[in-house]
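Hi,

Here is the structure I promised to pass on.

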Amino acid sequence: MAQLVSTKNPLSSTHPLTVGVIPDAQILHLWSAMSPHERERTCDVIELRLDTLNLPPETIRTALAGNATPILLTARHPAEGGQGSADAGGRMALIEPLLDLAAIIDIELRSAVEMRPLIDKAHARSVQVIGSFHDFQATPADEILRGAISFAQPAGLDGVKLATFINTPADLTRLITLTSEPQRLRLSCMGMGPWGRVSRLALAKCGSLLNYGYIGESNAPGQWPAARLKEMLAEL
């Protein structure tokens, strides 16, 4: 049976969700050409990477006409793998024109204070906000990861995304422990690198809510194709 996901609050889901990443115009066109059935089979949420799409808002709106899949808007900081402006105002300017389409927006934890006006605007529209933390070299010490989670709630965020490079089985074990613990906010954890694919299944089983896969071609190390990931998560 198809899983029903709230178009306005996917963070309320009791099951792990698959996020299909749309990083460029080619993949956006591919998505727009899919039938509703194909979209449903591919993922539960689509992430629009506004920092890499580099398209006018109206072009994006046209491509998404008739879309019923919840939308996650992201404009990633260049220090965390993005191609957007390092200036918070520049990244907010990418998200705000499309805020009415969003179920969720993603900002970096490092930018939460600067982007508080956007957080407030999102909440006024019942749009959820997650704070992201990325480390493309290692999995930081537990106190850093727990500190990131602790920072999120007073910053006005609704969820936390932790994406780290897994160098050893011990790194994965620490992420599994963290993800399995009760948290006040919804948590999404994922690994990158050679252990990335294994980690995404294990962490989803342990409670990671948003689990990212690619549509078309991978744009991050360790990702599964979104459709395959969704199929496997349904079997966990």
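**Charges over rings, then helix packing**

Arg 197 lies over the face of Trp 224, 4.5 Å from the ring centre. A charge counts as over a ring if NZ of Lys or CZ of Arg is within 6 Å of the ring centre and within 35 degrees of the ring normal. Lys 161 does likewise with Tyr 212, at 4.2 Å from the ring centre.

Before you dig in: this is a predicted model, where local features need pLDDT of at least 70 and side-chain atom pairs count only at pLDDT 80 or more, while totals for chains, interfaces and linings use all residues. Residues are numbered from 1 along each chain as its sequence is written, and side-chain values use heavy atoms, with hydrogens and water left out.

Now the helices (DSSP runs of H or I, at least four residues, numbered from the N terminus). The axes of H8 (residues 169-180) and H9 (residues 196-206) come within 8 Å and cross at roughly 25°; axes are lines fitted to C-alpha atoms over the stretch in contact, with angles from 0 to 180 degrees between N-to-C directions. That makes H8 roughly parallel to H9 (angles under 35 degrees). The contact (heavy atoms within 4.5 Å) includes Leu 172, Leu 175 and Ile 176 of H8 and Val 198, Ala 202 and Leu 203 of H9. Its residues divide into seven nonpolar, three polar and no charged.

H7 (residues 142-152) also packs with H8: their axes come within 11 Å and cross at roughly 30°, so these two are roughly parallel to each other. Here Asp 142, Leu 145, Arg 146 and Ile 149 in H7 meet Arg 174, Leu 175 and Leu 178 in H8. By class, that is four nonpolar, no polar and three charged residues (Asp, Glu, Lys and Arg count as charged; Ala, Val, Leu, Ile, Met, Phe, Trp, Tyr, Cys and Pro as nonpolar; the others as polar).

Cheers

How values were computed. Angles under 35 degrees count as roughly parallel, over 145 as roughly antiparallel, 65 to 115 as roughly perpendicular and the rest as oblique.
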